Amino acid sequence: MIAHLNGTVAAAGATWVVMDLNGFGVRAECTPATAAGVRLGEPTHLHTSLVVREDSLTIYGFAGAEERDCFELAQTASGVGPRIAQALLAVLSPDEFRAAILAEDHKTLTRVPGIGPKGAQRMVLELKDKVQALGAISARQPVAAAAAPWRDQVAQGLQGLGWSAKEADAACERVADLALSETNIAVLMRAALQTLAKK
C-alpha cells in the first residue's frame with residue numbers, strides 16, 4: 001500500500017499530477033481542486049490510495065488524509081468504483097459527505113455524477129455505520145488558484161469527471177459572474193458542478 005507521495009511536481013493536468021520522487025516519476029489521479037493546488041517545480045505532499053485492477057495499478061492523490069479516507073470508504077458501497085468516489089470528493093467536502101450519509105440526505109448525494117436515487121439510498125444504508133468511524137472531519141482548507149485561466153481548468157476538470165465539452169462550457173458560463181470576484185478554482189469547480197446537478 002502506498003500511503004503518500006512526497007516530492008516535486010513534474011507535471012499536472014486538470015485531474016492528475018506527476019510527482020518526481022528523486023528521479024522516479026509517479027502519476028496520481030486527483031480531484032480538480034487538488035490538481036489546481038499544486039505548482040510545477042515545487043515540493044508537494046499527497047496522501048494516496050492505490051487501486052489495484054487486473055490490468056492496472058492506479059494511484060489516487062489527495063490534499064488531505066480525510067479526503068483519502070472518504071474516497072476509500074465510498075468504494076465499500078455497492079456499485080461505487082474509484083471514478084465515482086473521486087467525483088464525489090470533487091462535489092462534496094469530507095464533512096459534507098459524512099453529514100449527508102448520517103442525515104440520510106439522498107438529494108445531496110445525487111448531486112454527484114454517477115449517483116442516482118437508488119445509488120444514494122444504497123450508500124446511506126451501507127455506509128451509515130462505517131462513516132461513524134471517520135470521526136469528526138475537519139473542513140478542507142481553500143486551495144489556492146492556479147495561474148492558468150479558470151475557465152480552461154474548470155472545463156477540463158468537468159470533462160475529466162465525465163461531463164461533455166458542451167456541458168462543461170455551459171457550466172462555466174453559468175459561473176462566469178462568480179469568477180469575477182472568486183479566484184479559487186476549487187470554489188468555481190464546485191459551483192459549476194452544482195449547476196450541472198440541477199439540470
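1. Buried means under 20% relative accessible area, exposed means over 50%, and partly exposed lies in between (1.4 Å probe, protein chains only). By that scale L50 is partly exposed, at a relative accessible area of 25%. L50 sits in strand β4, residues 43-53. Helices (H or I, at least four residues) and strands (E, at least two) are DSSP runs, numbered from the N terminus.

2. The model is predicted: local features need pLDDT of at least 70, side-chain atom pairs count only at pLDDT 80 or more, and totals for chains, interfaces and linings use all residues. Residues are numbered from 1 along each chain as its sequence is written, and side-chain values use heavy atoms, with hydrogens and water left out.

3. The protein chain has ten helices and five strands. Of its 199 residues, 46% count as buried. The chain exposes about 9,900 Å², and carbon and sulfur atoms supply 52% of that area; accessible areas come from the Shrake-Rupley method with a 1.4 Å probe, and for residues only the protein chains shown count as cover.

4. A contact means heavy atoms within 4.5 Å. Among the contacts in the protein chain with a separation of 6 or more, 59% are between residues 24 or more positions apart. Leaving aside residues up to four places away in sequence, L50 touches M1, L57, T58 and I59.

5. Which residues of α4 (residues 94-102) are buried? They are P94, F97, R98, A100 and I101. These residues lie on the same side of α4 because they cover an arc of only 160° around the axis, the arc being that of the directions from the helix axis to the C-beta atoms. Their cover includes α2 (65-74), α3 (82-91), α5 (106-109) and α6 (117-131).

6. In α2, the buried residues are E67, R68, C70, F71, L73 and A74. The elements covering them include α1 (32-36), β4, β5 (56-62), α3, α4 and α6.

7. The axes of α2 and α3 come within 9 Å and cross at roughly 140°, which makes α2 oblique to α3. Axes are lines fitted to C-alpha atoms, for helices over the stretch in contact, and angles run from 0 to 180 degrees between N-to-C directions. Angles under 35 degrees count as roughly parallel, over 145 as roughly antiparallel, 65 to 115 as roughly perpendicular, and the rest as oblique. On the α2 side E67, C70, F71 and A74 meet P82, A85, Q86 and L89 of α3.

8. Helices α7 (residues 150-160) and α10 (residues 185-197) pack at about 50°, their axes 10 Å apart, and are therefore oblique to each other. W150, Q153, V154, G157 and L158 of α7 meet I185, L188, M189, A192, L193 and L196 of α10.

9. Most residues other than glycine have a negative phi. N22 has a positive phi, near 55°. N22 lies in the loop between β2 (16-21) and β3 (24-30) and is exposed, with a relative accessible area of 84%.

10. E104 also has a positive phi near 55°. Where is E104? E104 is in the loop between α4 and α5, and it is partly exposed at 43% relative accessibility.
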